[in-house]
Amino acid sequence: MNYHRFDCIIVGAGGAGMMAALESSKHVGTAVVSKLYPTRSHTGAAQGGIAAALSNLEDDSWENHAYDTIKGGDFLVDQTAAEILCREAVECIYDLEHMGLPFDRTADGRISQRRFGGHTKPNPIYDPAAPPGTEAAKPRIPVMRACHAADRTGHMILQTLYQQCIKQGVTFFDEYHMLDLIMEDGECRGIVAIEIATGELHTFHAKSVLLATGGFGRMFKVSSNAFALTGDGPAIAYRHGLPLEDMEFYQFHPTGIYRLGILLSEACRGDGGVMFNGKGERFMEVYAPNLKDLASRDVCSRSIYQEVRAGRGVGGKDFVYLDIRAETINKYKTSPTGGTVDSAWVEKRLPDIIDFARTYLGVDPIKEPMPIQPTAHYAMGGIPTNVHGQVLRDSAGTVVPGLFSAGESACVSVHGGNRLGTNSLVDLVVFGRRAGRSMAQHALNRQFEPLPPNPQAPTAAAVEALLARPRGEPWVRIRDEMQQTMMDDCGVYRTAETLTRARDKIAALKVRYASVGVADKGSVFNTGLLEVLELGCLLDLAEATVACALARKESRGGHSREDFPDRDDANFFKHSLVYSAGASETRVEYKDVDVIMVEKNGEMVTKYPLEIRKY
């Protein structure tokens, strides 16, 4: 048996995993297990910025950031977690700066910041009696809060953290794919992983295990997610009887490259880009008259769908335009400063976006607008955790000893029904750091508990059975049908009819999947084997997502039920928890949203009261 022992094992080498590794390795032996070379992790695809109320370009506060986060999540955000996120974001940004992250700078040398959708501050000239449409009538206005390194912010974070982990002596097992958790007596004692280069199984014995495996956007046909984002961590936890939280809330980013889904960052609109329909109309003025193109992502995505449905897509097709030409920014006075910009300024601010459009669209954004459509982008739901990254097994908050999660694979919940742009990177560093500290403390207070006899045996048997099967139906056919089903029936808009159809289709696909074999029977770099295993994870997560969406009979954030178009706080101001009940059966329960109470005029009231979300 290939056996390794570390105090802390971290699965996933993205921003959350490596931030956790940096913290835990200060105190105990730490290893990172990643199915990719670390700097290929999907954090590197994040473009526009990381939010923190530094007040470098205009007055701001972490309280403003917390309010926007809670409102942006359609009030399903756990408020204590949101305040931790926004308060600790400032310190984390300076930590990254001191590690060497090359942020863009202001003229006086401070970290530069740009606007992003849903990030606001109170309007200093607000007058409730002002005529509608005037500046004084806007209660809140956009604020520059997103710290950035051109449009390569995630890439720079990933490179910086990896360098620091190497410097600090963190051990990396690159291209090792986790296949199972080792659970014994209700606690986690390690993982089983396959070494991709050899096909050999390895047992990793640990006191603390962190799942930081990222999202699972590959269950949709059009997605910004890399092919590796198959939700391995949440799916394996789900199979071990642990719940998944808020799976119905999946974010569709409004500005994906038409048909390909490759992301065109929100930084495009933060720096002045404008969306137009097929009639040349700036349609966001209708749907979000205050923030317009800088409304939250769920609002913008639904607005694009409504324009297309009304026949106002470009050329009658299912896309609209995103225009970042200097002349457009100047015409609408949408630059961050409201002043005049030129093409050189646009190219300097958005070099990767411009290169993507030229490469994948054959469009030069300096001279013409870019065709866009919403793309499946981010999971607000995932493995339920507390603010220390400890995984929870029920609505009472019972901790699973030895098991932690952070990043997109986790649900703490700071995103609620809809994540604000730039809050994903903040989530990674804030709760990655907290989880790293927590798992190190847990390891310091524990002895290595014994593993079950031959802990690899169940995994080895499953892999051998899969390899022994005749090839049968091509696995890609099942994957394609799953992705099309999720896109059509559990996408931006949903109804009981479409969700029931999706539930039945996913169940049927799982039956077919049980007969799938692998053409390649070898052991060295058997990517066909791994892709079949990843498909199994995606099918389980699709099942969980549809079950939660069918049970939630309201519209909130990224979950839009056309048969229940209104938000229903009386019945659904709560988080969903879905459990696997075997054979495509699920059980959905609920738990309360964490609300902060404060004293006002002698009585206790909600600090962030529910309100109708308008932009």
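These legends describe several close-up views of a predicted model. Because the model is predicted, local features need pLDDT of at least 70 and side-chain atom pairs count only at pLDDT 80 or more, while totals for chains, interfaces and linings use all residues. Residues are numbered from 1 along each chain as its sequence is written, and side-chain values use heavy atoms, with hydrogens and water left out.

View 1. A nonpolar core is a set of buried Ala, Val, Leu, Ile, Met, Phe, Trp, Tyr and Cys residues joined through side-chain atoms within 4.5 Å, where buried means under 20% relative accessible area, exposed over 50% and partly exposed in between (1.4 Å probe, protein chains only). The largest core has 73 residues, of which Ile 9, Ile 191, Val 209 and Met 219 touch the most other members. Helix α16 (residues 527-551) gives the most to this core, contributing 15 residues; helices (H or I, at least four residues) and strands (E, at least two) are DSSP runs numbered from the N terminus.

**View 2. The surroundings of Met 219.** Contact here means heavy atoms within 4.5 Å. When neighbours within four places in sequence are left aside, the residues in contact with Met 219 include Tyr 250, Met 482, Leu 538 and Thr 545.

View 3. Rings of Phe, Tyr and Trp (its six-membered ring) pair if their centres lie within 6.5 Å, and planes under 30 degrees apart count as stacked, over 60 as edge-to-face and the rest as tilted. The structure holds 17 aromatic pairs, among them the edge-to-face pair of Tyr 162 and Phe 172, with 5.1 Å from centre to centre and 80° between the planes. Tyr 162 lies in helix α4 (residues 153-168) and Phe 172 in strand β6 (residues 171-174), so the pair ties together parts that are 10 residues apart in sequence. Tyr 162 counts as buried at 11% relative accessibility, and Phe 172 also counts as buried, at 16%.

**View 4. Two charged side chains over rings.** A charge sits over a ring if NZ of Lys or CZ of Arg is within 6 Å of the ring centre and within 35 degrees of the ring normal. Arg 5 lies over the face of Phe 448, at 4.2 Å from the ring centre, and the charged end of Arg 419 sits over the ring of Tyr 378, 4.1 Å from its centre.
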